[in-house]
Amino acid sequence: MQPRNMSMSGVVDLAAVKAAGEAKAKAEQARAESARQGGLAAVPPSALVIDVDEAGFEREVLQRSAEVPVVLDFWAEWCEPCKQLGPLLERLAVEYDGRFLLAKIDVDANQMLMQQFGIQGIPAVFAVVAGQALPLFQGAVPEAQIRETLDQLIQIGEERFGLTGILVDGAAGDGEDAPARPAGPYDALLEAAMSALDAGDLAGAVQAYRNVLADDPGHPEAKLGLAQAELLTRVQGLDHAAVRKAAADGPGDVGAQIAAADLDLVGGHVQDAFGRLVETVRRTAGEDRDAARLRLLELFEVIGADDPRVTAARQALARVLF
């Protein structure tokens, strides 16, 4: 079956993808305007990454976690994986523009904090949200997975505790030490992706979107477009009846539930897809749970973060995880 013949009614279209990007831009403008109006004090991008020790932990982490999620990076100078993860987290802290604060903790100099968090190995990453500690991940983790974890953390902070983050003064980072921003625009690549989708060339569409994301990993239109193209690629050629039967016969078969959720979404049954995967996360553990959770996060990308069905599903996911 060609993807152009698949029903995507009720799911997403490229106009909605573009609208999501515009909505994000408006939100950024609102945050900047709030800073100009003096509603909240804005900080420079350099203040989004701080070094924390035991003496300053309550002030810099516990107290500040009442206004923004604080991500804790436990590291040491002798730890080689830490040297890879640390700069990545610092870059993401600046890119996320105040939606989380990164606190770096040298375990050699802060043994008590290491013991209090029960850390057995580093790098180890935790979060503190409204005074509550949450384990995030340990060891070297791919950037895509880190982004998904951060997105979920921020969502939990907003929905459960009303944390809106801290305002950032972008002008303060315009010096020569400021991180370079992608030049863009990517109109030609995005147009190529749309043309490929219309022609049923899923591989071409996927590659075009990835070309954009290689330069601008947070590009909203490319992220959502890639999620859509990858979804269509996964369901292409599936025997729908066989997938449905496998899912019905094996509620504990994670692979079958994931495939059925893909079909649910393509058919426009968004809440069914989300509910199926949330329930799969609830009843599983280990790698099976991670597989179901990551697929659910991928399907969130297809619909868009502003959709109320995504908001409801994120809340449900948070309840079964935490």
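For sorting lining residues, Ala, Val, Leu, Ile, Met, Phe, Trp, Tyr, Cys and Pro count as nonpolar, Asp, Glu, Lys and Arg as charged, and the others, Gly among them, as polar. With those classes, the lining of the largest cavity divides into three nonpolar, two polar and two charged residues. The model described here is a predicted one.

Rolling a probe the size of a water molecule over the atoms shows where empty space is left. A search of the whole structure finds one cavity of 30 Å³ or more, and the largest cavity has a volume of about 30 Å³. Its lining consists of Pro69, Arg99, Ile154, Glu158, Leu163, Thr164 and Gly165.

The second largest pocket has a volume of about 330 Å³. It is lined by 14 residues, of which Pro135, Leu136, Arg293, Leu321 and Phe322 are the closest to its centre. Strand β5 (132-138) and the helices α5 (143-161) and α12 (286-303) each supply at least two residues of this lining, and the largest share, five residues, comes from α5. By class, the lining of the second largest pocket comprises eight nonpolar, three polar and three charged residues.

**Aromatic pairs**

The structure holds six aromatic pairs, and ring pairs link Phe57, Phe74, Phe117 and Phe126 into a cluster. Two of the pairs are set out below.

| Pair | Centre to centre | Angle between planes | Geometry |
|---|---|---|---|
| Phe57 and Phe117 | 6.0 Å | 75° | edge-to-face |
| Phe117 and Phe126 | 5.1 Å | 70° | edge-to-face |

Phenylalanine 57 lies in helix α2 (residues 57-63), whereas phenylalanine 117 lies in the loop between α4 (111-116) and β4 (124-129), so their pair ties together parts that are 60 residues apart in sequence. Because buried means under 20% relative accessible area, phenylalanine 57, at 10% relative accessibility, counts as buried, and phenylalanine 117, at 16%, also counts as buried. Phenylalanine 126 is likewise buried.

Tyrosine 209 lies in helix α7 (residues 202-215) and, with 1% relative accessibility, counts as buried.

The buried residues of α8 are Glu221, Ala222, Leu224, Gly225, Leu226, Ala227, Gln228, Ala229, Leu231, Leu232 and Val235. An α-helix has 3.6 residues a turn, so residues three or four places apart point the same way. After α8 comes glycine 237, whose phi is positive, near 85°.

**The disulfide**

How many disulfides does a search of the whole structure find? The search finds one disulfide, formed by cysteine 79 and cysteine 82, whose sulfur atoms are 2.4 Å apart. The torsion about this S-S bond is about 80°, so the disulfide is right-handed. Cysteine 79 is buried, with a relative accessible area of 3%, and cysteine 82 is buried as well, with a relative accessible area of 6%.

Methods
Residues are numbered from 1 along each chain as its sequence is written. This is a predicted model: local features need pLDDT of at least 70, side-chain atom pairs count only at pLDDT 80 or more; totals for chains, interfaces and linings use all residues. Side-chain values use heavy atoms; hydrogens and water are left out. On a 1 Å grid over the protein atoms alone, a cavity is a set of points where a 1.4 Å probe fits but cannot get out, and a pocket is an open set with protein on both sides within 12 Å along at least five of seven lines; lining residues have an atom within 4 Å of a point. Grid points are joined across faces, edges and corners, and a volume is the space filled by probe spheres set on the points. Helices (H or I, at least four residues) and strands (E, at least two) are DSSP runs, numbered from the N terminus. Rings of Phe, Tyr and Trp (its six-membered ring) pair if their centres lie within 6.5 Å; planes under 30 degrees apart count as stacked, over 60 as edge-to-face and the rest as tilted. Buried means under 20% relative accessible area, exposed over 50%, partly exposed in between (1.4 Å probe, protein chains only). A disulfide is a pair of cysteine sulfur atoms within 2.5 Å.
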